[in-house]
2 protein chains.
Amino acid sequence: MLGELEQVVLLAVMRVGKEAYGVPIHDEIQRRAGRDLTLGTIYKTLSRLEEKGLVASHVGEPTAQRGGRRTRCYVVSAAGKRSLQATFKALRHMASGLDVGLEPA
Amino acid sequence: MLGELEQVVLLAVMRVGKEAYGVPIHDEIQRRAGRDLTLGTIYKTLSRLEEKGLVASHVGEPTAQRGGRRTRCYVVSAAGKRSLQATFKALRHMASGLDVGLEPA
DNA sequence: ATCATATTGTAGACAATGTCTTACAAATGG
DNA sequence: CCATTTGTAAGACATTGTCTACAATATGAT
């Protein structure tokens, strides 16, 4: 079963798209969910998701940035997307008719 | 932050309504979410939710059933409902426009 | 060149949540 | 008053959530 943070991180990776590495993922979660996590939290979650095959990663091109390592970029795998969909389907079923801000689509 | 199972159990308590004790909660989760948990899992989660003030409980009347203890019945507190709503609001923000079966209401 | 600094990533530790198994309690029918 | 039925609680362990501390790399200034 997908944990709560795992769901959020998967969604953030999808949203960010092409350049989905640590910092942009972190920022997207902060902006959209108003949740202020450390980068360590993001990286740890990403690496657990990768172990489970729910995301895949590759080392990015060196950018003309100020400094830092090569970025590691992530994409959500097909299994990852299915996992999210299954999780949300069950949630919607549980929530239907309950006025908790999660009505069925 | 509400854990994934905590969300499901809170929703189940709301759904079941008046007679929300262990067994009916368990059955509701099984039917609606297709998730087969043990009663121990349900009780443990309920007691953690109660410690956090997200549900309240009282011991029920003895029924004219074959056996068993008095049931302990649960209701979701105002704080519990707010927690759920906040959780789902953030999720919907993260998911909007993503075809994962959780479009904004 | 080299050193301080900015940016990114990794590892380790610990807390919170998820989950089961096992034990315990209470009620009823014989 | 004891076996059976129904319900609850406690303990243990795995997984997930989260941080802090550290390592790696690139840049610009001295």
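## A two-chain helical model, piece by piece

Ala78(A) is exposed, with 9 other C-beta atoms within 10 Å. Here, exposed means 12 or fewer such atoms, buried means 20 or more, and partly exposed is in between, with C-beta atoms placed from the backbone. Ala78(A) sits in helix α4 (residues 78–95) of chain A; helices are DSSP runs of H or I, at least four residues long, numbered from the N terminus. From Ala78(A) to Thr41(A) is 37 residues in sequence and 23 Å in space, C-alpha to C-alpha.

A word on what you're looking at: this is a predicted model, where local features need pLDDT of at least 70, side-chain atom pairs count only at pLDDT 80 or more, and totals for chains, interfaces and linings use all residues. Residues are numbered from 1 along each chain as its sequence is written, while chains are lettered from A and ligands numbered from 1 in the order in which they are written.

Now for the helix packing. Two packed helices are described by the angle between their axes and the distance between the axes. Axes are lines fitted to C-alpha atoms over the stretch in contact, with angles from 0 to 180 degrees between N-to-C directions.

| Helix pair | Angle | Axis distance |
|---|---|---|
| α1(A) and α2(A) | about 105 degrees | 9 Å |
| α1(B) and α3(B) | roughly 90 degrees | within 10 Å |

α1(A) and α2(A) are therefore roughly perpendicular (65 to 115 degrees), and α1(B) and α3(B) are likewise roughly perpendicular to each other.

In chain A, α1(A) residues including Val8(A), Val9(A) and Ala12(A) meet α2(A) residues including Pro24(A), Ile25(A) and Glu28(A). Contact means C-beta atoms, placed from the backbone, within 7 Å. That contact has nine nonpolar, no polar and two charged residues. Nonpolar covers Ala, Val, Leu, Ile, Met, Phe, Trp, Tyr, Cys and Pro; charged covers Asp, Glu, Lys and Arg; the others, Gly among them, are polar.

In chain B, Leu5(B), Glu6(B), Val9(B) and Leu10(B) of α1(B) meet Ile42(B), Thr45(B), Leu46(B) and Leu49(B) of α3(B). Leaving out residues up to four places away in sequence, Val9(B) touches Ile25(B) as well as Ile42(B), Thr45(B), Leu46(B) and Leu49(B).

Val9(B) turns up again in the largest nonpolar core, which has 54 residues; Val9(A), Leu10(A), Val13(A), Val9(B), Leu10(B) and Val13(B) have the most contacts inside it. Such a core is a set of buried Ala, Val, Leu, Ile, Met, Phe, Trp, Tyr and Cys residues joined through C-beta atoms within 7 Å.

Finally, the chains themselves: the contact takes 28 residues from chain B and 28 residues from chain A. On the chain B side, α4(B) gives the most, with nine residues.

How values were computed
Contact = placed C-beta atoms within 7 Å. Parallel < 35°, antiparallel > 145°, perpendicular 65-115°, else oblique.
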